[in-house]
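Here are my notes on helix packing in this entry. Please read them beside the model.

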Amino acid sequence: MKNQTKKDNFYCVGISYKKADAMTRGKFSLTREAQIEVLQEAKQKEIPLLVISTCNRTELIGYVPSEEVLVDLLCSNAEGTKHDFRKYAFTHKGDDAINHVLKLGTGLESQILGDFEIIGQLKGAFALAKEFGYTNANIERLVNTAIQTSKAVKNNTAFSTNAASTAYAAVQWIKDFLNDSQDVKITLFGTGEIGKVTCANLVKHFPNNSITLVNRTQEKADSLGEKFNVNVAPFSDLEKEVQTSNVLIVATNAPKVTVTADLINAAGNLAIVDLSVPTNVEITSENRACVVTLDELTKVVDKTLEKREQEIPKVKEIIAENFIAFKEWLSHRTHTDAVKAFKDRLLKIKQEEINFQSKKIAGLNEEHMEIVSERIIQKMTKQFITHLKTANGNAGNSIKVMTEIFDLDIKQS
């Protein structure tokens, strides 16, 4: 596969909170199983790929001939249609895609500005790609650069001061709703990634014995309950737990509604925080007042966000520095691969010519031929290297021309 890691073949396509509401995003969200299917399909096509699917976004990032390849991969494994996706989607290409990944890793693209949960999700996406799909050195280096950028932002700015993640926002809303009362009962339904983070935030603000976990898979609930020393109830007792709770947090991420209007009405005076995408709560005109959705939680952290907005110039400066460092690495790597491919091609031509002439010319001194041709190859390779170093930003065009002329085999790595 030739030249598949060129910058103009690096794409990111996705859908996020910026254009799409929670219901629309839910149509394009991918379960872990669906993410694995996408990765395995991409692996068969030799496409290096990352898949990110969170409550606020679904993105495919990789090296492909065109963005349409990524759109096909996503839409063929999601419930939404291509038509709907095109209405709300974004596309980044080349340098813009690289820059987007770095901004993503710092929380600059998060719905709650500065939410650093995304860097863990980016790490998880890369780990999943290595396990079930296909990645390469360029993507690995970019993910590592995003991690380094995130650390630099945390260490050198106040962008992460006063946590304001989705889970934190949910807990702050609950505290306000309960007037900071500790004599409460909170049921957390769902112990996936969002549920885990929410539980970690809950135990910082409420007594452990006031929190009860419920999950369809009992082992997951038991494991999380043991980790945070909170109550656990079986899924069969969900209705009973809800009816005796002040607050229900729904973090199930099931494809259909899991908390029905009948269950809500039977519970009486109950506040519900729905962190699921798509929404897992059946909202009616009668119960709408007691349900807060993911898109509404950003109002809880306005003051924190104002402070974070003041730090954005510093964050962008750090991103720019790391972007330049990554591009320098990428340029050096591209030059190295191109030079190696060029030299390999010359060596092949040399050997073919020596073999041909040795049959045609009697008594040909192959040793002398080797010495002369090696010297010529060294001089030509050195000249190519010098040109790339002094190309003033046009090295990519030179490599493209050389690739077309000599049919260079620049391997994807």
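1. Basis. This is a predicted model, where local features need pLDDT of at least 70, side-chain atom pairs count only at pLDDT 80 or more, and totals for chains, interfaces and linings use all residues. Residues are numbered from 1 along each chain as its sequence is written, and side-chain values use heavy atoms, without hydrogens and water.

2. α2 with α6. Helix α2 (residues 32-44) packs on helix α6 (residues 117-132) at about 55°, with the axes 9 Å apart. The crossing is right-handed.

3. Their contact (heavy atoms within 4.5 Å). Arg32, Gln35, Ile36, Leu39, Gln40 and Lys43 of α2 meet Leu128, Ala129, Glu131 and Phe132 of α6. By class, five residues are nonpolar, two polar and three charged.

4. α6 itself. Its 16 residues should span 22 Å at 1.5 Å a residue (1.5 Å times one less than the number of residues). The end C-alpha atoms are 23 Å apart, which agrees. Buried residues (under 20% relative accessible area, 1.4 Å probe, protein chains only) are Ile118, Ile119, Leu122, Ala125, Phe126, Leu128 and Ala129. They pack against α2, β2 (49-53), β3 (57-63), α5 (95-106) and α7 (137-156).

5. α7 with α14. The axes of α7 and helix α14 (residues 312-360) come within 10 Å and cross at roughly 155°. The two are therefore roughly antiparallel. This crossing is right-handed. Among the contact residues are Arg141 and Leu142 of α7 and Phe326 and Trp329 of α14. The contact divides into 10 nonpolar, six polar and two charged residues.

Note on methods. Axes fitted to C-alpha atoms, helices over the stretch in contact; angles between N-to-C directions. Helix = DSSP H or I, 4+ residues; strand = E, 2+ residues; numbered from the N terminus. Left-handed = near helix turned anticlockwise from the far one by under 90°. Nonpolar A, V, L, I, M, F, W, Y, C, P; charged D, E, K, R; others polar. Buried < 20%, exposed > 50% of the residue type's maximum accessible area, 1.4 Å probe, protein only. Parallel < 35°, antiparallel > 145°, perpendicular 65-115°, else oblique.
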